[in-house]
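My entries follow in the order in which I looked things up.

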Amino acid sequence: MENSHLASIKARFGIIGNSPLLIHAISIAEQVAPTDMTVLITGESGSGKESFSKIIHSLSKRKHGQFIAVNCGAIPEGTIDSELFGHEKGSFTGADAKKIGKFEQANGGTLFLDEIADLDIGLQAKLLRVIQERELVRLGGSETISLDVRIITATHKNLATLITEG
């Protein structure tokens, strides 16, 4: 028989099952939730990675802030920079107004970046800088914008294998 706390979390997020690995994953999500650590969730497609990111957000001190989810694999390569980091008016053809990116939209809350391994390596380096420094510069801008955002990433790919393969 599972405890009522665990049953409540599973019911709230539509999680079905009682395997020891599932219970362990929920326990880990509960442990990292109160921290501001950047989190990487791995698992097969359809395994509930976004559900776990929502558990972490809802059990954190950021639960009253925005939860913004971005599927990095679904955004065309030419526009993902602007989607994530925003841009200034006139920074490229068609940029006829300033745009606030997903990082700024999630400020004070949580940004969930799904399928992070699908990002171009150059964009991954830019993302790493934002994670480390907690600041960004919009495309075409010069102002440094400080961020207070929790970042949760996910992928279905085996990153250790990808790193080994170069």
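Which residues point one way from strand 3, and which the other way? Bearing in mind that this is a predicted model, I looked along the strand and noted that Thr110, Phe112 and Asp114 point one way, while Leu111 and Leu113 point the other way.

Next I looked up burial, taking buried to mean under 20% relative accessible area. Five of the five residues of strand 3 are buried, so the strand is largely enclosed by the rest of the structure.

I then turned to the strands that pair with strand 3. Strand 2 runs parallel to strand 3 and is joined to it by five bridges, and I found Asn71 standing opposite Asp114. Strand 6, residues 150-155, also pairs with strand 3 in the parallel sense, over four bridges, and here Arg150 is the bridge partner of Thr110.

My last entry concerns the largest nonpolar core, which has 20 residues, and in which Phe103, Leu111 and Leu113 touch the most other members. At least two residues of this core come from each of strand 2 (67-71), helix 4 (80-85), strand 3 (110-114) and helix 6 (121-133). Leaving aside neighbours within four places in sequence, I listed the contacts of Leu113, which include Val70, Leu84, Phe103, Leu127 and Ile151. Another core, of 17 residues, lies apart from the largest one, and Ile9, Leu22, Ala29 and Ile152 are among its members.

Terms used:
Residues are numbered from 1 along each chain as its sequence is written. This is a predicted model: local features need pLDDT of at least 70, side-chain atom pairs count only at pLDDT 80 or more; totals for chains, interfaces and linings use all residues. Side-chain values use heavy atoms; hydrogens and water are left out. A nonpolar core is a set of buried Ala, Val, Leu, Ile, Met, Phe, Trp, Tyr and Cys residues joined through side-chain atoms within 4.5 Å. Buried means under 20% relative accessible area, exposed over 50%, partly exposed in between (1.4 Å probe, protein chains only). Contact means heavy atoms within 4.5 Å. Two strands pair if DSSP finds at least two bridges between them.
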